[in-house]
Amino acid sequence: MHPEIVRAEPGNCPICGMALEPRTVTATEEESPELRDMSRRFWISAILTVPLLGIAMADMLPGMPVQRTLPAGALPWLEFLLATPVVLWGGLPFFQRGWTSLVNRAMNMFTLIAMGTGVAYGYSLVATIVPGIFPPSFREMSGKPAVYFEVAAAIVTLVLLGQVLELRARSQTGAAIRALLDLAPKTARVVRDGAEVDIPLDQVQIGDSLRVRPGEKIPVDGIVLEGSSSVDESMVTGESLPVEKNPGAKVIGATVNAAGSFIMRAEHVGSETLLAQIVRMVSAAQRSRAPIQKLADKVAVWFVPTVIAAAVVTFIVWAVFGPEPRFAHAIVNAVAVLIIACPCALGLATPMAIMVGTGRGAHAGVLIKNAEALETMEKINTLVVDKTGTLTEGKPRVVAVKPVAGVSEDDLLQSLAVLEQGSEHPLASAVLKEAKDRGLALAGAKEFQAHAGGGISGTIEGRAVVAGNEVLLQEINIDAQPLIGIAENLRAQAQTAILVAIGGRPAGVVGIADRVKPTTPAALADLKREGIRIVMLTGDSQATAAAVARELGIDEFEAGVMPDKKLETVKRLQGEACIVAMAGDGINDAPALAQADIGIAMGTGTDVAIESADITLVKGDLAGIVRARKLSRATMKNIRQNLFFAFIYNAVGVPIAAGVLYPFFGLLLSPILAAAAMSFSSVSVISNSLRLRRVKL
């Protein structure tokens with residue numbers, strides 16, 4: 001409930017009194033010492049409380065066998081003997097925490113429990129030892145003051161039961177992290193000096209060659225060196241379809257090799273693996289506080305003092321205006337008011353849902369950095385998306401080779417590839433890959449020169465070769481007119497056109513495209529149906545941007561945008577009262593991601609920029625944004641339900657316990673029933689939160 005409280009050793013929270021949760025969750029679920037202690041106290045208390053309740057009921061019905069077999073006045077002493085171990089030993093943790101709350105001036109649930117049981121037990125003890133000191137208004141028709149040992153014992157037993165159920169339910173909120181930790185294999189098969197040896201996972205080093213056989217889990221993050229296979233990455237990305245892996249492909253630790261055997265090189269081990277980063281991020285998010293929690297915090301400050309005041313007023317009203325025995329009724333109803341109030345239900349409403357929700361998101365490939373992001377995500381109405389790597393795959397490919405008459409495709413592509421060997425431009429790798437796939441031999445280029453914003457040039461086997469845009473060709477006095485029509489046609493198809501001239505004459509155009517991700521159209525359609533405004537930003541040309549926007553049905557876009565312009569765009573939209581989410585690669589778009597109300601880092605595998613945004617999508621496509629929205633809505637709905645139940649429970653329960661129904665229906669709420677209701681209120685909040693584990697994303 002209070003993640004700001006951090007201690008070096010186990011103990012109780014000085015604010016709410018509940019047991020502190022370990023910051024680091026282990027792969028194996030360990031039994032909580034508090035759960036073990038509370039369970040032991042509950043069972044022993046229950047064994048003593050059951051006969052105590054039977055005796056109390058017998059005392060209400062004259063002529064019962066137990067009364068005939070005991071000396072006169074012995075029943076209260078028998079109840080005292082049975083109740084004392086329950087209250088003083090079974091309820092000892094509640095009295096200790098109640099006292100601590102007074103010392104720390106942070107009154108909580110245990111303050112009320114300690115006061116309620118203390119009053120019931122203390123009054124009964126005095127009534128048993130010196131019954132004669134009480135005036136007639138305290139006495140029943142039998143002439144003796146009533147004792148409430150069974151009330152005090154039953155309250156302690158029921159609260160202990162509630163604590164046991166609550167602790168068991170709370171342990172399930174860490175199941176998400178434990179499930180993630182359990183994904184990692186315990187050993188890895190390392191290939192050294194031609195031999196394969198199984199070693200513990202923590203002994204794997206960066207650069208090790210590892211064999212992964214069919215059906216095995218991939219031990220660490222790395223790159224495939226030899227062989228091919230299909231890998232089930234659903235446990236990390238949330239996508240059910242296996243992903244084909246060939247040499248050069250990146251693989252994620254803890255994912256499952258479905259078929260085929262391959263050798264990989266370890267790139268990230270230990271705490272640097274994607275799985276380890278996910279676990280750290282989920283753990284941190286679960287300890288953060290959502291803005292909606294502020295409402296519960298404000299109420300909690302005044303909650304316990306208000307309940308104590310209500311109990312005092314209840315006592316006074318019953319003592320002055322109640323039926324005989326007035327003071328006995330006053331004590332019982334005041335105790336019921338103290339016991340039925342449950343600030344824990346109010347305090348648990350938000351953190352429990354956040355814990356379960358962030359864990360559920362991690363299993364769907366949606367990593368939430370903090371609770372505030374989870375709350376804000378459902379409120380966004382504008383999504384700004386970077387094109388490359390977000391809407392598209394981020395892997396440019398040669399999709400068209402258009403030579404002019406008299407020039408072959410291979411000659412055109414080969415000449416361009418030879419030049420691109422000296423270029424650092426992102427498109428160069430696409431040209432070189434296509435040349436390699438076609439088996440083209442690449443010689444060296446002389447007099448290589450890069451023309452900023454225009455292209456590249458050089459000499460290949462005595463021929464001058466120029467590659468770039470039409471402006472560069474015209475500057476070198478090459479007639480680009482025969483190529484402009486071809487280039488415009490390719491750009492209209494969302495391709496980047498590279499114009500090539502060989503020997504001072506136009507040779508052709510090579511079209512490079514970054515393909516739209518298969519999941520992008522459906523994801524955009526889902527977001528539009530929810531009323532989300534989509535704005536695309538890209539550094540590409542106007543023609544290329546327009547073609548992509550047309551293909552995806554995006555109405556708003558800006559082309560030729562640099563990182564600083566993306567930041568300005570986000571600020572402008574926020575100035576229009578838009579709640580903006582920015583989706584980008586998490587590095588180049590860092591300024592805009594930081595400025596947006598929600599920054600969403602798109603990433604794949606170990607390259608995911610986990611720390612750069614509020615939400616990271618492991619799979620790296622817009623479908624993850626749809627899942628994040630569903631998760632946000634489900635979690636916030638769950639929190640609102642929890643807060644509603646907690647407020648209504650206390651708003652209705654306290655007046656009933658005070659006796660507002662008595663003048664109309666003659667009904668009073670027994671402190672025992674009040675204790676049962678209080679104990680199960682926290683359990684109901686936690687149980688409702690646990691439903692998020694099954695929400696469909």
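The side chains of K566 and D386 meet in a salt bridge, with 2.8 Å from N to O. This pair links distant parts of the chain, since K566 belongs to helix α21 (residues 563-575) and D386 to strand β11 (residues 382-386), 180 residues apart. K566 counts as buried because its relative accessibility is 7%, under the 20% limit. D386 is likewise buried, with a relative accessible area of 7%. The model is a predicted one, and the count of salt bridges in it comes to 29.

In general, side chains of opposite charge can pair when their charged atoms come close. Two further pairs are set beside the first in the table.

| Salt bridge | Closest N to O distance |
|---|---|
| R438 and D410 | 3.4 Å |
| R533 and E556 | 2.8 Å |

R438 forms its salt bridge with D410. R438 is located in the loop between α16 (426-437) and β13 (446-451), and D410 in helix α15 (residues 409-420), so the pair ties together parts that are 28 residues apart in sequence. R438 counts as partly exposed at 33% relative accessibility, and D410 is partly exposed with a relative accessible area of 37%.

R533 has E556 as a salt-bridge partner. The two residues lie in strands, R533 in β18 (residues 533-537) and E556 in β19 (residues 556-558), so parts 23 residues apart in sequence are tied together. R533 is partly exposed, with a relative accessible area of 26%, and E556 counts as partly exposed at 31% relative accessibility. Through salt bridges that share partners, R533, E556, E558, K565, R572 and E576 are joined into one network.

**Surface patches**

Which residues form a positive surface patch? It is formed by K637, R691, R693 and R694. K637 is part of helix α23 (residues 623-658) and counts as exposed because its relative accessibility of 53% is over the 50% limit. N638 also lies in helix α23, but N638 counts as buried, at 2% relative accessibility. Leaving aside residues up to four places away in sequence, N638 touches A353, N688, S689, R691 and L692. Among these contacts, R691 is also a member of the positive patch.

A nonpolar patch on the surface consists of V312, V313, I316, V317, V320 and F321, which together have about 580 Å² of accessible area. V312 is found in helix α10 and is partly exposed, with a relative accessible area of 44%.

**A buried strand residue**

I615 lies in strand β22 (residues 615-617). With a relative accessible area of 0%, I615 is buried. The residues that I615 touches, not counting those up to four places away in sequence, are V366, L367, I368, A373, M377, I598, G599, I600 and A601. The C-alpha atoms of I615 and L374 are separated by 8.4 Å, although these residues are 241 residues apart along the chain.

**Backbone geometry**

A cis peptide bond, with omega of about -10°, joins E324 and P325. P325 is situated in the loop between α10 (293-321) and α11 (326-340).

Positive phi values occur at R105 and N477, neither of which is a glycine. For R105 phi is about 55°; this residue lies in the loop between α4 (92-103) and α5 (109-129). R105 counts as exposed at 81% relative accessibility. For N477 phi is near 65°, and its place is in the loop between α17 (470-475) and α18 (481-491). N477 is exposed, with a relative accessible area of 70%.

**The chain as a whole**

The secondary structure of the protein chain comes to 25 helices and 22 strands. Of the 697 residues in the chain, 52% are buried. The protein chain exposes about 30,800 Å², of which carbon and sulfur atoms supply 60%. Among contacts in the chain with a separation of 6 or more, 68% are between residues 24 or more positions apart.

How values were computed. Residues are numbered from 1 along each chain as its sequence is written. This is a predicted model: local features need pLDDT of at least 70, side-chain atom pairs count only at pLDDT 80 or more; totals for chains, interfaces and linings use all residues. Side-chain values use heavy atoms; hydrogens and water are left out. Patches are made of residues with over 30% relative accessible area and no salt bridge: like charges are joined within 9 Å, nonpolar side chains (Val, Leu, Ile, Met, Phe, Trp, Tyr) within 5 Å. Accessible areas come from the Shrake-Rupley method with a 1.4 Å probe; for residues, only the protein chains shown count as cover. A salt bridge is a side-chain nitrogen of Lys or Arg within 4 Å of a carboxyl oxygen of Asp or Glu. Lys and Arg count as positive and Asp and Glu as negative; His and the chain ends are not counted. The place of a charge is taken as NZ of Lys, CZ of Arg, CG of Asp or CD of Glu. Helices (H or I, at least four residues) and strands (E, at least two) are DSSP runs, numbered from the N terminus. Buried means under 20% relative accessible area, exposed over 50%, partly exposed in between (1.4 Å probe, protein chains only). Contact means heavy atoms within 4.5 Å.
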